[in-house]
Amino acid sequence: MKFLNFFLFILIVFSFNLLKADEIKIQNKITKNLRCLICQGQSVYDSDSEFAISLKLVVKNKINEGFTEDQIYKFLTKKYGEWILYDPLFNKNTYFLWILPLLIFLFGGVIILKKLINIKK
Amino acid sequence: MRNRIFYFLIVIFFIFIFVIFYKGLNNSSLYTPSKGIKNIPKFTSKTLIKKKSLNSKDIFNKNKFYLLNIWASWCVPCRDEHSLLIDLSKSKRIEIIGLNYKDNSNNAERFINELGNPYSIILLDRKGTKAIEWGAFGVPETFLIYENKIIKRYIGPLNSKLVDEIKNYIK
């Protein structure tokens, strides 16, 4: 009996851990996409500066308040500008940025195709 | 003919890239958000001396200029700018609000007792989350506020030149 109680106790503790793990996962995902603005070349997740520590806490609080990932990004870009995001949002300022690689890829494909057709001829 | 167009395009391309990088040389490597927040955030915070809870609505409600200064007793540049803040607090047209950032209350009180108190209210931000609401980077940082709008922000310590600028605003 004692063993069974102990076993149940362990099981409950572990299931709580799983619940918490989900939260931490999303928190890590968000903080990895945030630039630590006062450090050089580090994400908020990697940094231990005062700024990054506070920002991690803010992200954690927002998750607890029920904010979604996008809402948190929106909140932070309102405060710090888009520079804080490593992954820039898709809007009229970044159309070019997002579409350019695709255009270059297509352009390259056209050149290769043309060459191939020429060789066949 | 085709070759010539090709070379011409390559030259144009390199000139284009050169111009972009050359322009970039003059940019400051220090990032400051150009658009930042314009309206002051809503928050509630405890005060250092009276230990009561205050809402942002009750703080910035008069028709005058406010200066929000983020400081900490452990921050060395804050010590340097403190005398300038005390000088500025003598003006009746401006009210200086302090936001004590990630500090220990005892140390903060000792700092104020030692160097004087330019602040009409000192708000507490133990965990640094309120500073994030303001879009701040760290200490020291100063915001000039009028009619609930941020008109100017100063990242880093104030110097006499910047204080003259603030005095010009509140004339």
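Mentor: Let's begin with pLDDT, which is the predictor's confidence in each residue, on a scale from 0 to 100. This is a predicted model, where local features need pLDDT of at least 70 and side-chain atom pairs count only at pLDDT 80 or more, while totals for chains, interfaces and linings use all residues. Residues are numbered from 1 along each chain as its sequence is written, and chains are lettered from A and ligands numbered from 1 in the order in which they are written.

Trainee: Thanks! Where is confidence lowest and highest in chain A?

Mentor: Helix α1 (residues 2-32) of chain A has the lowest mean, 82, and helix α2 (residues 50-64) of chain A the highest, 93. Helices here are DSSP runs of H or I with at least four residues, strands are runs of E with at least two, and both are numbered from the N terminus. Chain A as a whole has a mean pLDDT of 87, with 97% of its residues at 70 or more.

Trainee: And what is the average for chain B?

Mentor: Chain B averages 88, and 94% of its residues score at least 70. Its lowest mean, 84, belongs to helix α2 (residues 56-59) of chain B, and its highest, 93, to β3(B). For the complex, the predictor gives an ipTM of 0.75 and a pTM of 0.74.

Trainee: What makes two residues count as being in contact?

Mentor: Their C-beta atoms, placed from the backbone, must lie within 7 Å. By that rule, the contact takes 14 residues from chain B and 15 residues from chain A. The chain B side that touches chain A has 6 nonpolar, 5 polar and 3 charged residues. Nonpolar means Ala, Val, Leu, Ile, Met, Phe, Trp, Tyr, Cys or Pro, charged means Asp, Glu, Lys or Arg, and the others, Gly among them, are polar.

Trainee: Which strands make up the open sheet, and in what order?

Mentor: The order is β5-β4-β3-β6-β7 in chain B, with mixed pairing. Strands β5 (121-125) and β7 of chain B each have a single partner strand, so they stand at the edges and one side of each is left without a neighbour in the sheet. On average, neighbouring strands are turned by 20° against each other, direction ignored.

Trainee: How do you know which strands pair?

Mentor: Two strands pair if DSSP finds at least two bridges between them. β3(B) and strand β4 (residues 94-101) of chain B have 7 bridges and run parallel, so they meet that rule. Y66(B) is bridged to E95(B) in β4(B), and W71(B) stands opposite N100(B). On to β6(B): 6 bridges join this strand to β3(B), and the two run antiparallel, with N69(B) partnered by T142(B). β4(B) and β5(B) pair in the parallel sense over 5 bridges, and G98(B) has I122(B) as its bridge partner.

Trainee: Why is a crossover called right-handed?

Mentor: Picture the strands pointing away from you: the crossover is right-handed if the path from the first strand over the helix to the second runs clockwise. β3(B), helix α3 (residues 76-88) of chain B and β4(B) make one such β-α-β unit. Another right-handed unit consists of β4(B), helix α4 (residues 105-115) of chain B and β5(B).

Trainee: Is K51(B) buried or exposed?

Mentor: Exposed! A residue is buried with 20 or more other C-beta atoms within 10 Å of its own, exposed with 12 or fewer, and partly exposed in between, with C-beta atoms placed from the backbone. K51(B) has 9, so it is exposed, whereas N148(B) has 13 and is therefore partly exposed. By contrast, 6 of the 7 residues of β3(B) are buried, as are 7 of the 8 in β4(B).

Trainee: What is the phi of K51(B)?

Mentor: It is near 55°, a positive value in a residue other than glycine, and K51(B) is found in the loop between β1 (44-46) and β2 (53-55) of chain B. N148(B) also has a positive phi, near 65°, and is placed in the loop between β6 and β7 (149-155) of chain B. Most residues other than glycine have a negative phi, and most peptide bonds are trans.

Trainee: Is the peptide bond from V139(B) to P140(B) cis or trans?

Mentor: That bond is cis, with omega near -15°. P140(B) is found in the loop between α5 (129-133) and β6 (141-146) of chain B.

Definitions and conventions: Axes fitted to C-alpha atoms, helices over the stretch in contact; angles between N-to-C directions.
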